[in-house]
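Please read the points below with the sequence and the coordinates at hand.

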Amino acid sequence: MGWTGRRARRPRPPGARSRRALAGMLGAVLAGLVVALAAGSRDEAGDRSASATSGLSAYGSGLAAVAAADQAGVDRARGRLTQLRANGPDASPTAAGPTGAAPASPAGALERAGLTEAHGPAVTVTLDDTPRERRAGPWDPRFRPPVADDLVVHQQDVQAVVNALWAGGARAMTIMGIRVTARTAVRCVGNTLRLEGGVYAPPFAISAIGDQDRLVAALEDDPDVVLYRQYVAAYDLGYRMERVGNATFPAADLPSAHYATPLPG
């Protein structure tokens, strides 16, 4: 699980060099080299972008395609941020509800903060690496042959599911059974997930309590989850979604606090 970020490796555009390049083109070549190195650094980190999603076989058509793909990613992130601000756990009580809805109760506020148990219908998404016995192929000839980063779950994949569920109006969430709060960060250690002091290996389970239809629709519409599922279809990564009739999420552990005290005298 290459935790530097999933998405397809963006193939480097062909860089034919002429031994007889004109001196007047030197500035353009240097500028192109800077951009290509920046794209290459993302490749080496395992970055996978939507530019490779058209059949997962089309190699980039130049720097213009790279720039367009990066801008599309920025636009998607801005759209998700708008959704999260409107419907996420920190939204105002009436943001996702009808006009004139009653303010959230203190109990509801505590539940959203993760400080009390949460109960209700839920959706659980499980992500997993490609099974070891499948990693040698054979692969569908419609897709480019995978590299190691294509066959594992990444931090970005978990984050995509988490963000989609919040955007779908989740009231409460857990990752690997651990309650998600404002303090929770999805991070990696090698090919494992570090969460609230624990280390977890795949498969990774993310669960959310809320309106199940809205949660499922958010997962189906989120562009980063859609991208991950394209890799599921191409390279047998694991993706399973199930509805749970009545789930119970534990309250989060309160952080310990230490306060400074004045010295005697």
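The numbered points that follow treat the basis of the model, its cores, selected helices and strands, and its salt bridges.

1. Basis of the model. The model is a predicted one, in which local features need pLDDT of at least 70, side-chain atom pairs count only at pLDDT 80 or more, and totals for chains, interfaces and linings use all residues. Residues are numbered from 1 along each chain as its sequence is written, and side-chain values use heavy atoms, with hydrogens and water left out.

2. The largest nonpolar core. A nonpolar core is a set of buried Ala, Val, Leu, Ile, Met, Phe, Trp, Tyr and Cys residues joined through side-chain atoms within 4.5 Å; buried means under 20% relative accessible area, exposed over 50%, and partly exposed in between, with a 1.4 Å probe and protein chains only. The largest such core has 35 residues, and Leu 127, Met 173 and Ile 206 have the most contacts inside it. At least two of its residues come from each of β1 (118-128), α4 (155-167), β2 (172-175), β5, β7 (204-209), α5 (212-221) and α6 (223-235). Helices (H or I, at least four residues) and strands (E, at least two) are DSSP runs, numbered from the N terminus. Another core, of 6 residues, lies apart from the largest one and includes Ala 118, Ala 172, Ile 209 and Phe 249.

3. Contacts of Ile 206. Contact means heavy atoms within 4.5 Å. Which residues does Ile 206 contact, leaving aside neighbours within four places in sequence? Among them are Val 123, Val 125, Leu 127, Val 158, Val 162, Leu 165, Met 173 and Ile 175.

4. Thr 126 in β1. Strand β1 also contains Thr 126, which is buried at 9% relative accessibility. When residues up to four places away in sequence are not counted, Thr 126 touches Pro 203, Phe 204, Ala 205, Gly 238, Tyr 239 and Arg 240.

5. Helix α5 has Gln 212, Leu 215, Val 216, Ala 218 and Leu 219 as buried residues. Seen down the helix axis, the buried residues of α5 fall within an arc of 160°, so they line one face of the helix; the arc is that of the directions from the helix axis to the C-beta atoms. These buried residues pack against β1, α4, β7, α6 and β8 (238-249). The face turned away from the buried side of α5 carries the exposed residues Asp 213 and Asp 221. At the N-terminal end, Asp 211 caps α5, with a side-chain oxygen 3.0 Å from the backbone nitrogen of Asp 213.

6. Ala 164 in α4. Ala 164 belongs to helix α4 and is buried, with a relative accessible area of 2%. The C-alpha atoms of Ala 164 and Asp 221 are 8.3 Å apart, although the two residues are separated by 57 residues along the chain.

7. Strand β2 and its partners. Two strands pair if DSSP finds at least two bridges between them. Strand β2 pairs with β7 in the antiparallel sense over 4 bridges, and Thr 174 stands opposite Ser 207 in β7. Strand β2 is also joined to β3 by 2 bridges, again antiparallel, with Ile 175 opposite Ile 178 in β3. These two strands, β2 and β3, form a hairpin with 2 residues between them, and Met 176 in the turn has a positive phi of about 55°. Both faces of β2 are covered: Ala 172 and Thr 174 are buried on one side, Met 173 and Ile 175 on the other.

8. Salt bridges. A salt bridge is a side-chain nitrogen of Lys or Arg within 4 Å of a carboxyl oxygen of Asp or Glu. How many does a search of the whole structure find? The search finds 6 salt bridges. One of them joins Asp 150 and Arg 144, with the closest N and O atoms 2.9 Å apart; both residues are buried. Another joins Asp 129 and Arg 135, at 3.9 Å between the closest N and O atoms; Asp 129 is buried at 12% relative accessibility, whereas Arg 135 is partly exposed at 29%.

9. A salt bridge between loops. The side chains of Glu 196 and Arg 183 also meet in a salt bridge, at 4.0 Å from N to O. Glu 196 lies in the loop between β5 (192-195) and β6 (198-200) and Arg 183 in the loop between β3 (178-179) and β4 (187-189), so the pair ties together parts that are 13 residues apart in sequence. Glu 196 is partly exposed, at 40% relative accessible area, and Arg 183 is partly exposed at 45%.

Definitions and conventions
A polar contact is a pair of N or O atoms within 3.5 Å; within protein, one must be able to donate a hydrogen and the other to accept it, and residues adjacent in sequence count only if both atoms are side-chain atoms.
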